[in-house]
Amino acid sequence: MPRSLWTGSLSFGLVNVPVSLVSAVRDRDLHFRQLHEKDGAPIEVQRWCEKEDVEVPWEEITHAYELEDGGQVIVSDLELQAIEPRKTRTIDIEQFVDLADVDPIYFDHPYFLVPAAEDDGTKRAYQLLTEVMSQTDRAALGTLVMRTKEYLALVRERGGALMLTTMLFADEVRATKSVDAATGKAYKPSPKQLAAAVSVIEALGAEWDPDKHKDRYRDRLRRVVDRKRKGATIEVPERKKEPEPAPDLMEALERTLAEISG
Amino acid sequence: MARSIWNGTITFGLIAVPIKVNSATEDKSVHFHQVHAADGSRIKQKRICSMENKEVPYKEVAKGYELRGGKYVLLEQEEIDAAAGDSSHLIELEEFVCAAEIDPVFYDRTYYLAAGKDGGDAYRLLHDALQKTDRAGLGRWVFHNREYLVAIRPLDGVLALHTMRFADELVDPDSLDIPTPSRAPSKREIEMAGKLVESLHERFDPDAFHDSYRERVLQMIETKASGKEPALPEVEEEQDSTDLAAALEASLGGSRRKR
């Protein structure tokens, strides 16, 4: 069971479900430590005062916000704690939405909520919420305060458990207006081109099977470490040349279709 | 105009689509510098060699992979970068899946794609064909010396690229051992909960939510910048509820008034 990151309650109308939050993502990355190349000794990071040029212990460090005019405002931990939102231990469900209406661009980090009390009432309330959301394909929206930050959170059912995903706020998602998406009339594909492109996509159609896709980077990195340990030299692979855009799209589509079917 | 962070080519079959990657999201949380409380001056981080007790310049830093017994395999940054594969600026879409089948948990970061040089017609063709088929193209993308699985799909008139989480990075909900109650929720409770969900149902409107914590932090900074003391808010008590059916009933009665 992953480590609990937060404990509190999920509040749904007047029903309170004690829950704890665990990450739904495991870190599978290889981690490296910084070493001094010359002697192989680990490097330690120390915090030094820029003015006095001395090391500063943790308890003497505070936060400062840089103002536009170059000045700064010092803000203490206590002051930050004082403006932490109320009810920090409750996720209040404010509304339910259709999961299909929420574009994945808003999703940040996924977690699971697990029942945090042993009593039957807790287990039943948890199961009730899971079942109702699963039956309706609805997701709940509420706010979560964790580590002094307030998050918009979406709670939904996944695999019989409640999944909570922190969400970006609307002003953290950029407008698509400024993206050059070739919307001019001149770029509009002809019905024939579109039909051929649809055929290519359908010919390359596949079931979404997440287990099929492996993290090749992680595997290669593990091999690099293994080979290096055995004293081998590591070569940097060559860069493939990028193809040029086809002067005649229709011709490229037809050749692709011929290749796929042939 | 959005600034591009990567230029390259997407291919599907023999069709090449030159694109530029733009960021689609930005972190708006309030960031602070670390300062020394005594004199308000900036804290800088120094890399110190634990053997010599001396500062180490960046070019003398290597990466160590820890083996059992506290030994390290020493690697140069270029050797680690080699694991990214060939650093071609190429995303080959190998297969197309139904976008609706992808559970949102797999989506990690999102970027917008802009049409690259001489690629407007190919860009539009890929966009329109994906939209028509409701599919997302899957490929690999090497970015910042790391290879990602990516899904490319139409979003609000543009092509969006999502980096994807790998299945083995996700916690299996079965492994959580969610306890089952001795008595499952009754039909009546499920019905009442369903009604409560309905009464609170709204169309998703991302603009309806604001980061009120961020707003409070910025407000406090503003107050302090003008030389005033920030006011401290009060804390509210929470209430507990034990009777599930009664709580649901009470919620249904009060849900409209509450909003």
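Pick A:Tyr65 to begin with, then look across to A:Val73 in β6(A), which stands opposite A:Tyr65. Keep in mind that this is a predicted model.

β5(A) and β6(A) run antiparallel and are joined by four bridges. Follow the chain from one strand into the other and you trace a hairpin, with five residues between the strands. Stop at A:Gly70 in the turn: its phi is positive, about 95°.

Next, bring chain B into view. What does β5(A) pair with over there? Strand β5 (residues 61-66) of chain A pairs with β3(B), again in the antiparallel sense, over four bridges. Select A:Ile61 and you'll find B:His36 of β3(B) standing opposite.

Show those strands together and you have an open sheet of three strands, in the order β6(A)-β5(A)-β3(B), with antiparallel pairing. β6 (72-75) of chain A and β3 (33-36) of chain B are at the edges with a single partner strand each, so one side of each has no neighbour in the sheet.

Click on A:Glu44 and look for B:Ile48, its bridge partner in β4(B).

Time to zoom out to the whole contact between the chains. Chain A puts 147 residues into the contact and chain B puts in 158 residues. Which helix gives the most to chain A's side? Highlight helix α2 (residues 120-136) of chain A, which gives ten residues. Colour the side of chain A that touches chain B by residue type, and you get 75 nonpolar, 24 polar and 48 charged.

Last stop: a pair of helices within chain A. Select helix α3 (residues 191-203) and helix α5 (residues 249-261) of chain A, which pack at an angle of about 30° with their axes 10 Å apart. Angles under 35 degrees count as roughly parallel, and α3(A) and α5(A) are therefore roughly parallel to each other. Their crossing is left-handed. To see where they touch, show side chains including A:Ala196 and A:Val200 of α3(A), and A:Leu253 and A:Leu257 of α5(A). The residues of this contact divide into nine nonpolar, three polar and two charged.

Note on methods
Residues are numbered from 1 along each chain as its sequence is written. Chains are lettered from A and ligands numbered from 1 in the order in which they are written. This is a predicted model: local features need pLDDT of at least 70, side-chain atom pairs count only at pLDDT 80 or more; totals for chains, interfaces and linings use all residues. Axes are lines fitted to C-alpha atoms, for helices over the stretch in contact, and angles run from 0 to 180 degrees between N-to-C directions. Helices (H or I, at least four residues) and strands (E, at least two) are DSSP runs, numbered from the N terminus. Angles under 35 degrees count as roughly parallel, over 145 as roughly antiparallel, 65 to 115 as roughly perpendicular and the rest as oblique. A crossing is left-handed if the near helix is turned anticlockwise from the far one by less than a right angle, and right-handed if clockwise. Two residues are in contact if their C-beta atoms, placed from the backbone, lie within 7 Å. Ala, Val, Leu, Ile, Met, Phe, Trp, Tyr, Cys and Pro count as nonpolar, Asp, Glu, Lys and Arg as charged, and the others, Gly among them, as polar. Two strands pair if DSSP finds at least two bridges between them.
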